[in-house]
Amino acid sequence: MCDSHETLPPGWLKSLERGGFDAGHVIEKGLFIMSEARLKAEIWVKALMRRAWSQNVPALLMRRGEDSAGAVIIKMNGGPGSRTVIYARGLLADGRWGWRRASGKDALDDLEAHAYVERQVRFDSDLWVVEIEASDLTQFVDDPVEG
């Protein structure tokens, strides 16, 4: 047990982040208090894809990230000729965790969507990318979805 966060070893925050801890964890009097357990990214992604498949909706793993703690982005593409909206899990305006429109308020064409994903992969090499051929994400996730 630590008397304060100042006695923690260098790099402790990065180690926690790699271990899957998020902003829901706080430091109080040198103790780590966990707010909730998290699924490994690999298990979560497999469940998301199976949920889509069970509704006869195509879902494709575009990029495999780090098994236990990689972030996930979801490309929603309504099918041939439609534009893409990209979602990432994060804090919404009301303070709840949910899926926010990472690509902005306007949908992207295929080239813009590809460029967006490439930029994110350069920033986070552990990133998972899933593409679902549907226009509404709410039927596949339990968390709130930003409109």
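Which backbone nitrogen does a side-chain oxygen of aspartate 109 reach at the start of H3? In this predicted model, that oxygen comes to within 3.1 Å of the backbone nitrogen of leucine 111. The model is predicted, so local features need pLDDT of at least 70 and side-chain atom pairs count only at pLDDT 80 or more, while totals for chains, interfaces and linings use all residues. Residues are numbered from 1 along each chain as its sequence is written, and side-chain values use heavy atoms, with hydrogens and water left out.

The secondary structure of the protein chain consists of three helices and seven strands; helices (H or I, at least four residues) and strands (E, at least two) are DSSP runs numbered from the N terminus. Along the sequence, their pattern is α-β-β-α-β-β-β-β-α-β. The protein chain has 147 residues, of which 33% count as buried. Buried means under 20% relative accessible area, exposed over 50%, and partly exposed in between (1.4 Å probe, protein chains only). Of the contacts (heavy atoms within 4.5 Å) between residues at least 6 apart in sequence, 64% join residues at least 24 apart.

Helix H3 covers residues 110–123. At 1.5 Å a residue, its 14 residues should span 20 Å, and its end C-alpha atoms are 20 Å apart, which agrees; the expected span is 1.5 Å times one less than the number of residues. The buried residues of H3 are Ala113, Tyr116, Val117 and Val121. Seen down the helix axis, these residues fall within an arc of 135°, so they line one face of H3; the arc is that of the directions from the helix axis to the C-beta atoms. The buried residues pack against strand E3 (59–63), E4, E5 and E7, whereas Leu111, Arg122 and Phe123 are exposed on the other side of H3.

The largest nonpolar core has 20 residues. A nonpolar core is a set of buried Ala, Val, Leu, Ile, Met, Phe, Trp, Tyr and Cys residues joined through side-chain atoms within 4.5 Å. Leu48, Ile74, Met76, Trp99, Ile132, Leu137 and Phe140 touch the most other members. Two or more residues come from each of helix H2 (41–54), E4, strand E5 (84–91) and E7, and H2 gives the most, with five residues. Leucine 48 touches Ile74, Val130, Ile132, Phe140 and Val141, leaving aside residues up to four places away in sequence. Another core, of 11 residues, lies apart from the largest one and has Ile86, Ala113, Val121 and Val129 among its members.

Asparagine 77 belongs to strand E4 (residues 72–77) and is buried, with a relative accessible area of 9%. Its side chain makes polar contacts with the side chains of serine 82 (2.8 Å) and glutamate 131 (3.2 Å). A polar contact is a pair of N or O atoms within 3.5 Å; within protein, one must be able to donate a hydrogen and the other to accept it, and residues adjacent in sequence count only if both atoms are side-chain atoms.

Serine 135, in the segment after strand E7 (128–132), counts as exposed at 66% relative accessibility. Leaving aside residues up to four places away in sequence, serine 135 touches Met76 and Gly78. Asparagine 56, in the loop between H2 and E3, is exposed, with a relative accessible area of 73%. Phi of asparagine 56 is near 60°, a positive value in a residue other than glycine.
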